Amino acid sequence: MPRTALRICPLCEATCGLTLTIEGTGVTGARGDREDVFSRGFICPKGAAFGALDADPDRLRTPLVRRDGRLQEATWEEAFEAIAAAVPALVNAYGAQSVGVVLGNPNVHTMAGNLYPSLLLKALGTRNFFTASTLDQMPKHVSSGLLFGDPFAIPVPDLDRTDFLLLLGANPVESNGSLCTAPDFPGRLKALRARGGTLVVVDPRRTRTAKLADLHLAPRPGSDALLLAALAHTLLAEKLAAPGALEEQTEGLGELAGALASFTPEAVAPACDLTAAEIRDLARALAAVPTAAVYGRIGSCTVEYGTLASWLVDVLNILTGNLDRPGGVLFPLPAAGPRPRPAGPGKGFTLGRWRSRVSGHPEAKSELPIAALAEEIETPGEGRIRALVAIAANPVLSAPDGRRLDAALAGLDFMVSIDPYLNETSRHAHVVLPPPPPSQSAHHDFAFNGFAIRNQVRYSRPAVPLEADRLDECEIHARLVLAVSGMHGSAAPSSVDEMVIQGTLAKETADPRSPLHGQDPARLAGLLTGESGPERRLDLMLRLGPYGDRFGAGSAPEAGPGEDTGAGVGVGTGVGVGEGLSLERLLAHPHGIDLGPLRPRLPGVLRTRSGRIELLPDPITAELPRLRAALADRPASLVLVGRRHLRSNNSWLHNVPALTGGSNRCTLQVNPQDAGRLGLTEGGLARITADGGSLEVPVEVTDTVRTGVVSLPHGWGHDRDGARLSVASAVPGANVNQLLDGSRLDPLSGTAVLNGFPVELTPLP
């Protein structure tokens, strides 16, 4: 008989609740969970295809180990023995920096990817750490770190209460949102307009999101920072700025007008290809409404001035008084995150604490630019990366100059990949460790609840029992930590989790500010519940978090002004106020627990050295002259931007038949005027050339892209020998990042410039 099971969808940032239909051990259907406290039944095509992804016959079932130059099936013990023999020996011979770690985007969609990579890095002792953040969101982390002292203090738009939403470089109708966790983003945009609010979209393409807007502006790609600077200049020059209570909490307001003096609407308009009147009208509209939220994403981050654009987004939110205000942008308070601390000065945020070996790129948030990975492997000398651990990462397709990285990976002494597929990157590994399908894994969104537009907490246990020949993904990660530490065979995987639990409780009981101060850590550890080490760790995080029961030790410590102490527990859930969260309580609410709307949290969220918002930090001030110089630049005649597909997520989902075809195609979109000028025809081929080389791509002529701009989607290029992706390789598409050589980076964040770079087009017969 079929049965149903609940599962939080791991396929994008919306984190929708699913109800899975299961027959035997297979998922035969997926629909939205109407009782989910957050998503309320919403589902997109990716979630509906959960069963097809789960049962993909190309998913690896057993580990692969390279023998005599070929990857062959092996036992789990053989796989971890190979790692234990190779990695510690390389570290002993060449030092800790000889090992690199690269994390792909799917890590933040799994419990294992959130709980263990930090332990792996600590075990290895390497600073050669690369993630997908420098391909999409690092500018926002850097700007938040500089403004607020914490790179994870990213305010999100209060979508359900705002009167005015300004979106830049974002297409949430197709992406489902990014750094803004919001199930049914399209429905929320429609609700905004239905209640009389205004939606403004700034995008060089007339996306599905732009089609919903009251106003769509299509500036030249890469000009976001200039446009935002002109908006801020107008607010200050016309005395429309009204920061309100934020004025007392902000340093640098008085100096801002001088810093932005050059960016008048008239000076900026030619570079943006907008009129000065359009810019002024937008600034005035932003200032005139009761509440407003400015939100920028991929299109404003993966450009030459990505960090400045990200900073200016929050400058506008501050100048209009909408930061930390209901209806504006607010800081979430996730249940498994740290509990609020008293307001006051913090450690602050520092860039460039170390630099990459070859090109001297500064670290940001302990990460180096993934665009520098190839040169760190290729270049001889002390500290050269000789071994690589790649976890759910496919940088051969997602990072610039994939051909160069492809060749570099082939020259590694040793490589480990945790990946369900033999893809364009993992095919180079010496050991491949395949995690089980998502139906066989538990799920809690540690990362995305920190960007959620409503405080809530949900957890789903595995919907299907783990098959006998598989290892749980968390156990794979724990065993990997032991193997690289030289502890393979001498310690149980559970010891990794217990080490974390013991260390956390020891620190907590020694903290005089904690309600657990002076208590016995061993006794508290004995009170934790859960069927596994990861569940015990989740229980610990919930209990110590802002809504936790603190093991019955009493109420939360006094929070700083404006901080939320967790009194919202129980809103609409039947959980009594003051009872506090634990894993046991969460399991009693399988559809989740609603913790209420976001609330103001300043100044308690600030961790700057001054204890205030630092509006003009030195790195930003030093970067502004480069932006001023851009006012005199002659724009390229043709530039490229990427685009999102609702039925895709980077390079992950091209092997699922239900998610291929239709609009999810790798075509070069060209405006009819440009097509006519260049001699391009619908369905014909064109050669597109940029810094890194050339591609041959099919042309799609459409007026949804503005003149002077062409669009090619990200994540394609499944045409390399040795990968086992039968569906994706049948329609491989072209790898847009092969057009880049990795030299174009946002200097503050190290993020690759993937949008707004110049290209040339030539028609092909």
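Visitor: How many strands form the open sheet, and in what order do they stand?

Guide: The general idea is that strands are DSSP runs of E with at least two residues, and helices are runs of H or I with at least four, each numbered from the N terminus. Two strands pair if DSSP finds at least two bridges between them. In this structure, 7 strands form an open sheet in the order β5-β4-β17-β16-β15-β6-β7, with mixed pairing. Please note that this is a predicted model: local features need pLDDT of at least 70, side-chain atom pairs count only at pLDDT 80 or more, and totals for chains, interfaces and linings use all residues. Residues are numbered from 1 along each chain as its sequence is written, and side-chain values use heavy atoms, with hydrogens and water left out.

Visitor: Which strands stand at the edges of this sheet, and why does one side of each lack a neighbour?

Guide: The edge strands are β5 (70–73) and β7 (129–131); each has a single partner strand, so one side of each is left without a neighbour in the sheet. From one strand to the next, the twist averages 15 degrees. Leu103 has Thr131 of β7 as its bridge partner.

Visitor: Which helix packs on the sheet, and which strands does it touch?

Guide: Contact means heavy atoms within 4.5 Å. Axes are lines fitted to C-alpha atoms, for helices over the stretch in contact, and angles between N-to-C directions run from 0 to 180 degrees. Here helix α18 (residues 473–484) touches β15 (387–391), β16 (414–418) and β17 (431–433), and its direction makes about 155 degrees with that of β16.

Visitor: Is strand β10 mostly covered or mostly open, and which strands does β10 join?

Guide: A residue is buried under 20% relative accessible area, exposed over 50%, and partly exposed in between (1.4 Å probe, protein chains only). In β10 (residues 198–202), 4 of the 5 residues are buried, so the strand is mostly covered. Strand β9 (residues 164–168) runs parallel to β10 and is joined to it by 5 bridges, with Phe164 opposite Thr198. Strand β11 (residues 215–217) is also parallel to β10, through 3 bridges; there, Val201 has His216 as its bridge partner.

Visitor: How many cavities are counted, and what lines the largest cavity?

Guide: On a 1 Å grid over the protein atoms alone, a cavity is a set of points where a 1.4 Å probe fits but cannot get out, and lining residues have an atom within 4 Å of a point. Points are joined across faces, edges and corners, and a volume is the space filled by probe spheres set on them. The count comes to 4 cavities of 30 Å³ or more, and the largest has a volume of about 170 Å³. Its lining has 18 residues, and Glu13, Ser175, Gly177, Arg644 and Asn649 are the closest to its centre.

Visitor: How exposed is Arg628, and which residues does Arg628 contact?

Guide: Arg628, in helix α23 (residues 618–629), is partly exposed, with a relative accessible area of 28%. Leaving aside neighbours within four places in sequence, Arg628 is in contact with Ala259, Ser262 and Phe263. Arg628 and Ala261 are 367 residues apart in sequence, and their C-alpha atoms are 9.9 Å apart in space.

Technical notes: On a 1 Å grid over the protein atoms alone, a cavity is a set of points where a 1.4 Å probe fits but cannot get out, and a pocket is an open set with protein on both sides within 12 Å along at least five of seven lines; lining residues have an atom within 4 Å of a point.
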